[in-house]
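Here are a few friendly notes to read with the model open beside you. Take them one point at a time, and find each residue as you go.

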Amino acid sequence: MTTEQTVPTDQVDDAATDLAEATNEASLERTRRRSDEIEAQIAKDPTGFRVLTGDRPTGNLHLGHYFGSLLNRVRLQRAGVETFVLVADYQVITDRDGVGPIRERVLSLVADYLAVGIDADASTIFAHSAVPALNQLMLPFLSVVTDAELRRNPTVKAELDATGDRPMSGLMLTYPVHQTADILFCKANLVPVGKDQLPHLEQARVVARRFDERYGRAGDGSAPVFPRPEALLSNAASVLGTDGQKMSKSRGNAIELGMDADTTAKLLKRAVTDADRHITYDPANRPEVSNLVLLTALSSGREPEDVAAELGDGGGAALKKAATEAVNEMLAPVRARRAELVADPAYLLQVLRTGNERANAIAEATLSEVREAMQMVY
């Protein structure tokens, strides 16, 4: 005779959570290792890579974007990696009732890109709405994903949790598939991401694999229509807003690239610090002070520990002064170039039209392969 022992439900849940966290950490570590290998390959020969990256035109870009992604895009471009930069105008309406001053914001985004060093001759800057074949790819892609998979996506799940009584739009639900179309239309095989964006990239990999399994291949059939894109994990430091929260266009805590020096100084003067006059770099225990130290260090090309040591007992006022001087000096040439670009909207439109033409040619070729693989060539 045996005696069954019942494990308490909370212990089962804890064990499942621990297993999931361990699995995710192991997967993240594998991704980090592979990302390091890719960086080494880029250093030797960048010609085997094509990158897709971009932003939604919901407002002006700020220092969070600059340190978090823009500098990395410029680095990859200068290393010789073929780069596609998306102005994701259609994605503005995934969680909004209207597009707002969309034309102004699109041109502002293009100006930001060019001002920080993205070269329109070396990179393709294009807009969602101008590339019909890209968006048409959503139809076959939606046929290989399930409703449950979409609802498990962290971005979609967060939106669903936040909607309350408001229904979630179909565009928001299919947001991960739209991102997949962005990546795969140009057959990008490399996407710079943070760890929080890995589920979106995994969705693109799943769609590429399932399309091959369900519909087949074009041409001689030797290779799938779509590559399985890989992640280039970002090691960029995360810069907080002036209130100690995530830097955001909507929170009013962001230092925008196009701001003038005086506005920047006023914002930083209001930045949150603490009562301890001795400046240290201790992100865990002094996040607001450490954020200003980090911002000063990044803007001046120094280590944050060195900045903190130099400021010593100068207190918050000295820290804010150092941060203001460093940021304004770093952004001075970017702002000067941006002012020139904004004053010439015809040039910005030409850059976008040229990029749209390139993107359309590639998208049409990819769509032709898709139709061939699906036996829909009539």
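1. The protein is divided into domain 1 (44-238 + 345-374) and domain 2 (249-343), with bounds that come from an automatic or database domain assignment. The centres of the two domains, taken over C-alpha atoms, are 31 Å apart. To their contact (heavy atoms within 4.5 Å), domain 1 gives 22 residues and domain 2 gives 19 residues.

2. A word on the source: this is a predicted model, in which local features need pLDDT of at least 70 and side-chain atom pairs count only at pLDDT 80 or more, while totals for chains, interfaces and linings use all residues. Residues are numbered from 1 along each chain as its sequence is written, and side-chain values use heavy atoms, with hydrogens and water left out.

3. How much area is buried between domain 1 and domain 2? About 1,700 Å², and carbon and sulfur atoms give 69% of that area. Buried area here is the accessible area (1.4 Å probe) that two parts lose on being put together, summed over both.

4. Now look for charges across the interface of domain 1 and domain 2, where the rule finds one salt bridge (a side-chain nitrogen of Lys or Arg within 4 Å of a carboxyl oxygen of Asp or Glu). Its partners are the side chains of D112 and R338, at 2.5 Å, N to O. R338 sits in helix 14 (residues 315-342) and D112 in helix 3, so the pair links parts of the chain 226 residues apart. For the structure as a whole, the count comes to 21 salt bridges.

5. Which elements give two or more residues to the side of domain 1 that touches domain 2? They are helix 2 (63-79), helix 3 (102-116) and helix 15 (345-373), where helices are DSSP runs (H or I, at least four residues), numbered from the N terminus. Helix 3 provides the largest share of that side, six residues.
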